[in-house]
Every structure is written in structure tokens, then in C-alpha cells.
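Good morning, and thank you for the time at today's meeting. I would ask you to look at the structure on the screen while I speak.

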Amino acid sequence: MILVGNTAQQEARRPIAFALDTTKLELQWEEYLDGGTKDAVVNGLRGNGAAFRLYGDLFDGKSREAYFSTLDKSGTAGTIHAYGAASTDSLQSLSLAPNGGILLAGSSASFGATEDLWVLRVASDGNMSFNDTSTEYGT
């Protein structure tokens with residue numbers, strides 16, 4: 001079983017993932033996701049047992065940007081892919097697209113004066129192929 005959460009370490013918030021053997025109730029591994037100089041918060045995790053996808057927010061004290069990363073079953077984190085601009089951006093949902101790729105949804109204030117619904121489509125390598133906000137619905 002893979003569990004994720006957030007921890008404060010050396011005055012910075014960092015996501016942490018754990019693998020737990022549920023039959024023995026023993027910790028198999030733990031991994032911190034490194035946000036570099038930014039605080040990082042994990043908002044969700046999706047996976048199939050072999051590969052997991054993390055999404056959340058990075059915060060540098062002034063602005064918040066969204067991120068997506070991967071985590072394999074041994075706890076090795078992949079590259080952090082950051083999205084957004086110099087305002088408040090956050091991801092709250094991840095779904096696998098029927099014809100490949102990953103759909104991310106959240107909110108963004110980087111593309112307008114208000115915080116709006118934000119939808120992205122990224123490839124498994126993190127490259128963005130679609131990015132749109134909607135002021136019609138807002139969040």
C-alpha cells in the first residue's frame with residue numbers, strides 16, 4: 001500500500017510517500033519529494049501498483065505553482081514538472097485520458113484577474129499539450 005502526505009522538515013513543507021506492507025504492518029520505504037527551494041504540498045496520488053502519479057503545489061513565499069511528478073513502486077520520484085505562472089495555481093484532480101496522457105484540473109489566477117477553472121493535458125513525460133482556463137465557471 002502506498003500512502004502520501006505532507007511533513008515539515010527543516011522549516012519547509014515537503015511531500016512524503018510511504019510503502020506499507022499491510023500483511024506485516026511494516027514500513028518498506030519512505031521517500032521525500034524535493035521541491036528545491038520551494039515548499040511542496042501533495043494534493044493527490046493515482047496509480048496502478050507499478051507507477052504512481054503525484055500532483056500538488058509548490059510555494060516560494062510569493063506565488064504558488066502546480067506540479068506533477070511520478071513515483072515508482074520502489075519509492076523513486078521522477079522529475080517535478082511545474083505549471084503555471086507568477087500567481088496562484090493549484091491542481092486538485094488527476095485522471096487518465098482514454099486515448100493516452102494525463103488530465104489535470106484545478107484553479108489558476110495566473111492567466112486573468114480572478115482564480116478560474118484550469119484544465120491541462122500532459123503526456124506521461126510531463127510535456128503539456130493542452131492548457132485552458134475558464135472565467136465562465138470560476139472556482
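This is a predicted model: local features need pLDDT of at least 70, side-chain atom pairs count only at pLDDT 80 or more; totals for chains, interfaces and linings use all residues.

What is the secondary structure of the chain? The chain has zero helices and eleven strands.

Of its 139 residues, 35% are buried. The accessible surface is about 7700 Å², and carbon and sulfur atoms contribute 48% of that surface. Among the contacts with a separation of 6 or more, 31% are made between residues 24 or more positions apart.

Let us now turn to a sheet. Four strands form an open sheet in the order E8-E9-E10-E11, and their pairing is antiparallel. Which strands stand at the edges? They are strand E8, residues 89-96, and strand E11, residues 128-134. Each of these has a single partner strand, so one side of each is left without a neighbour in the sheet. From one strand to the next, the twist averages 20°.

We may look at the pairs at both ends of that order. E8 pairs with strand E9, residues 102-108, in the antiparallel sense, and seven bridges join them. Within this part of the sheet, Asp-89 stands opposite Ser-108 in E9. Strand E10, residues 116-122, also runs antiparallel to E11, and six bridges connect the two. Here Leu-117 has Ser-134 in E11 as its bridge partner. As a general point for reading such strands, the side chains of a regular strand alternate between the two faces of the sheet.

E10 and E11 form a hairpin with five residues between the strands. In this hairpin, Gly-126 takes a positive phi near 95°.

Where is Leu-25 found? Leu-25 lies in the loop between strand E2, residues 12-21, and strand E3, residues 26-32. Is Leu-25 buried or exposed? Its relative accessibility is 65%, and the cut-off for exposed is over 50%, so Leu-25 counts as exposed.

To close, I would ask you to find two places on the screen: the edge strands E8 and E11, and Leu-25 in its loop between E2 and E3. Thank you for your attention.

Note on methods. Residues are numbered from 1 along each chain as its sequence is written. Side-chain values use heavy atoms; hydrogens and water are left out. Buried means under 20% relative accessible area, exposed over 50%, partly exposed in between (1.4 Å probe, protein chains only). Contact means heavy atoms within 4.5 Å. Accessible areas come from the Shrake-Rupley method with a 1.4 Å probe; for residues, only the protein chains shown count as cover. Two strands pair if DSSP finds at least two bridges between them. Axes are lines fitted to C-alpha atoms, for helices over the stretch in contact, and angles run from 0 to 180 degrees between N-to-C directions.
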